[in-house]
Amino acid sequence: MEWTITADAPGKVCLMQGNEAVVRGAVEAGINFAASYPGSPSSQVLGMLGKIARERNFYAEWSTNEVCALEACIGVSLANARSLCVVKQNGLLCVADALHCGAQHGIKGGLVIITSDDPSAHSSTNEFDSRYQAMSADVPMLEPTNMQEAKDMIPYAFELSEKTQQMVIVRLTTRVCHGRGNVVLGELPEKPHQMQQVGEWDRLTCVNYLHEPMLKKLDNIQEVFETCPYNHYEGPEQPKKLVIAGGTGRLYCHEAIRRLEVGGEIGLLSLATVWPLPENYILQYLRSAEQVLVLEEVDPVLEHNLEAIAGKHRLNIAFSGRSNGALPRIGELNPDIVMNAVAALADTPDYEKKAGVADTLPVRDLTFCAGCPHRATFYLLKKALKYEKNPGIVVGDIGCYIMSSQAAGFWAYQACNAMGSGVNLAEGLGQLTAYGLDQKVVTMCGDSTFFHTIIPGLVNASYHHANMLLMVLDNSATAMTGFQPHPGTGITAMGDQTQAMSIEKICEAIGCQVTIADPFDVKGTSKILRELLDQDGLKVLIMKQPCATLMSKQTTKRLKVYVDQDICYGDGCGCDKFCSRVWGCPGNSWDFTKNKAQIDPMSCVGCGVCAQLCPSGAIKVEGGEEE
């Protein structure tokens, strides 16, 4: 990986992941600065940049949140530095204020924002379409189709950014980020982009009289996009049936046209210039078209904009796509979906959809990893709340622990909004306990989320004396997105050791009562939870236990956990298979030949919590000494 993104081998063909191709493009562009907050599907971009930053003489950081990342990039543009900001679709929403203000005052050095959308929400809570943000902020947006374009568009975007003195967004989607394809390497610069001293009269100030110049920039960019080399057309010269595709829809359509053998009658127009649309270029093909199928991820943004262009020029065209049932309204495209839509456009009645592998796979619930401390945390919390006169209210946040809204977390969550919102939801509910709401209010966040957006909400809750319990699930990692460091870990993206920030001390400085507990200590932590729930006011409980996946890489021997089947009552136990049915850890399974509980030694990481919960004492724990 590191060789392919730093190899000085122009013309060499390498197999690359999409995220890897983006990194190579940034290196070829000679970036000076890169910043991000981890978010799948683009988490790997900054991670790779951090590993090569010293070698290529640029700076890279995992910022505390996306706002810090983008505003730092805007800052360095004053010095004519080229900067790359990497976010996912939710992160682009976080930076909306900075994005809109930055678009109005413009930039000096090139600033490219990578946003990675997640159609079908494989690793997200929603599938928000980031094209709306580009349109709202009047910022140009490009979208690559494959890995080669993912690399090549980065230097192009930097040149466009500097030429127009405007930020440029490059939109990726999950299949481009995580897919692999051949990439022809370009030339590497001898050194990063040349920076300049910030002049006395250099200005990046958002004032309203810059609104009109900002719109003029967008007009100029639209003219540039009329001849953008990444827009393509293939098919008949004057197509009556036309497919207009953005992103991966182009690849799926290529396959469909080839398999259906309809290339002589259907044209394919692929648009990389997502916003603003090159109107004159598009009209070359719309003027002859009678039917147009629009392929895009995920909302009908392109479809509606094309309809507007057609209406403006009084073209009588029947459009189909996301908004009329030709394509599903939600979820990502795939070859079968596009094949069906193209077959309908080509009026190929003898085509029959074949069942794919996905049609036969069983549905499985999401779950925590074996030995995850979050499973124990939510079990203990649910158990503690059962002692209350009225059911407690549990509101959550975004992270691995979002699975507590399912069976893995014993259905603990009652609300979960956006990242950092849990503490604010709880603050509002906590104020109502003085007005007749007789329920305990609990919220939680992870250690990375604590630094990301929890601190302002905790300040608000403390200042207004909210009656609530905040549980910080400190597993020493940004675990959900790949164990990237955060301010509590003491390490940077470039591998430097630094002073780790103490969540406990920060909470105490804000004025909170802080307690630390171990979720694997069932008896002790249960007692602490009961005591804190009985206390009025704002409390913070730090549940401290490292991520099980992270700990499995350590050099210490794991505890050996096993079932003594001579003691296990099996079906005769009143627990009714509690260990595998209720506790549900992947390490706990059932021996159907003997009708006894058993531990899967390949899955078990030796947390030992199930041994503390087994009513018959059949689960045993041994070992754990250091090597």
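Predicted model: local features only at pLDDT ≥ 70, side-chain atom pairs only at ≥ 80, totals over all residues.
In soluble globular proteins, nonpolar side chains tend to be buried together. Here, the largest nonpolar core has 72 residues, and the members that touch the most others are Phe 378, Met 444, Phe 450, Leu 458, Met 471 and Trp 583. Helix α15, which covers residues 373–385, puts in seven residues, the most given to this core. There is also a second, separate core of 50 residues, with Ile 52, Phe 58, Val 168 and Leu 185 among its members.

Setting aside residues up to four places away in sequence, Met 444 touches Phe 378, Leu 381, Val 394, Val 395, Gly 396, Asp 397, Tyr 401, Tyr 413, Leu 470, Met 471 and Leu 473. Two of these partners, Phe 378 and Met 471, are themselves listed with Met 444 among the members that touch the most others.

Helix α18 is worth a look of its own. This helix runs over residues 503–510, and its buried residues are Ile 503, Ile 506, Cys 507 and Ile 510. These four lie on the same side of α18 because they cover an arc of only 95 degrees around the axis. Lys 505 and Ala 509, on the other side of α18, are exposed. As for what the buried side meets, its residues pack against α17 (447–463) and the strands β17 (468–474), β18 (513–517) and β19 (538–544). The two ends of α18 have their own details. At the start, a side-chain oxygen of Ser 502 comes to within 3.4 Å of the backbone nitrogen of Glu 504. After the helix comes Gly 511, with a positive phi near 105 degrees.

Arg 24 sits in helix α2, residues 18–28, and has a relative accessible area of 0%, so Arg 24 counts as buried. Apart from neighbours within four places in sequence, Arg 24 is in contact with Thr 4, Ile 5, Thr 6, Ala 7, Met 16, Lys 151, Leu 185, Gly 186 and Leu 188. One of these, Leu 185, also belongs to the second core.

Ala 618 is in the loop between α22 and β23 (619–623). With a relative accessible area of 2%, Ala 618 is buried too. Residues up to four places away in sequence aside, Ala 618 touches Tyr 562, Val 563, Asp 564, Ile 567 and Cys 568. His 486 is another matter: its C-alpha atom is separated by 40 Å from that of Ala 618, and the two residues are 132 residues apart along the chain.

The largest pocket holds about 1100 Å³ of space. Its lining is made of 49 residues, and the closest to the centre are Ser 123, Ile 398, Gly 399, Cys 400 and Met 480. Elements that give two or more residues to the pocket lining are α5 (89–94), α15, α17 and α20 (548–551). Of these, α5 gives the most, with four residues.

Terms used
Residues numbered from 1 in each chain as written. Heavy atoms only, no water. Buried < 20%, exposed > 50% of the residue type's maximum accessible area, 1.4 Å probe, protein only. Arc of directions from axis to C-beta. Contact = heavy atoms within 4.5 Å. Polar contact = N/O pair within 3.5 Å; in protein donor to acceptor, adjacent residues only side chain to side chain. Core = buried A, V, L, I, M, F, W, Y, C linked by side-chain atoms within 4.5 Å. 1 Å grid on protein atoms, 1.4 Å probe; cavity = no way out; pocket = protein on both sides within 12 Å on 5 of 7 lines; lining within 4 Å. Points joined across faces, edges and corners; volume = space filled by probe spheres on them.
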